[in-house]
Amino acid sequence: MLLPRLLLLVILLMAAIAGGCGDGREYPVKASGQVFLNGQPLKFEGDGFIQVVPKNSRAATGRIDPQDGSFTLTTSVPGDGVMPGEHAVTVKVIAAGRGGNAVALLPEAYASTSSSGLTVTIDGPTDTLRIDLEGKLKMAPKKHNNLAGDDSGR
């Protein structure tokens with residue numbers, strides 16, 4: 001009777017020790033959400049990207065769905081998410097313009113962490129990140145003029 005109890009105690013102690021022996025590194029947590037412009041889901045023609053930039057870790061990026069502004073963040077492996085913490089955010093939406101050069105469709109301030117004013121706090125896995133932008137979305141240049149070089153997208 002004493003031996004099974006002792007064996008159970010040893011197993012519980014080993015499980016407790018093993019649970020507390022992580023490598024001490026942080027890992028990304030799954031994160032996704034939606035970008036809004038003037039309170040409405042961001043819709044556009046072109047390509048859109050969001051970047052979440054931790055101070056001491058690798059940035060997470062996500063492609064923005066042009067139909068509804070949704071995105072999923074990736075740090076290393078598709079969909080793995082972002083490191084926990086409070087991070088600066090950038091948002092870029094571009095389309096092909098004159099001569100095939102990229103034209104920014106959102107206000108330029110959102111393209112840099114120093115000027116975007118956007119932050120997110122990641123304290124665990126989430127699918128409800130909300131990024132609110134304000135301003136005017138430029139029209140994507142007309143596709144038939146992209147190679148002709150006569151449409152700046154303004």
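Where is the place of Glu108? Glu108 sits in the loop between β7 (102-104) and β8 (118-122); strands here are DSSP E runs of at least two residues, and helices are H or I runs of at least four, numbered from the N terminus. Before going on, some ground rules: this is a predicted model, where local features need pLDDT of at least 70 and side-chain atom pairs count only at pLDDT 80 or more, while totals for chains, interfaces and linings use all residues. Residues are numbered from 1 along each chain as its sequence is written, and side-chain values use heavy atoms, with hydrogens and water left out.

Back to Glu108. This residue is exposed, with a relative accessible area of 55%; the cut-offs are under 20% for buried, over 50% for exposed and partly exposed in between, with a 1.4 Å probe and protein chains only.

Now to β1. This strand covers residues 31-37, and 6 of its 7 residues are buried, so β1 is largely enclosed by the rest of the structure. Which strands does β1 pair with? Pairing takes at least two DSSP bridges between two strands. With β9 (residues 126-133), β1 runs parallel through 6 bridges, and Gly33 stands opposite Leu129 there. With β5 (residues 70-72), β1 runs antiparallel, joined by 3 bridges; Gln34 has Ser70 as its bridge partner. β2 is antiparallel to β1 as well, through 2 bridges, and Leu37 faces Gln40 in that pairing.

β1 and β2 also make a hairpin with 2 residues between them. Asn38 lies in that turn, and its phi is positive, at about 50°. Asn38 is partly exposed, with a relative accessible area of 48%.

Finally, the charged pairs. A salt bridge here means a side-chain nitrogen of Lys or Arg within 4 Å of a carboxyl oxygen of Asp or Glu, and the count comes to 2. In one of them, Asp47 meets Arg63, with the closest N and O atoms 2.7 Å apart. Asp47 lies in β3 (residues 47-53) and Arg63 in β4 (residues 60-64), so this pair ties together parts 16 residues apart in sequence. Asp47 is partly exposed at 31%, whereas Arg63 is exposed at 52%. Asp132 and Arg130 also form a salt bridge, at 3.0 Å from N to O. Asp132 is partly exposed at 39%, and Arg130 is partly exposed at 45%.
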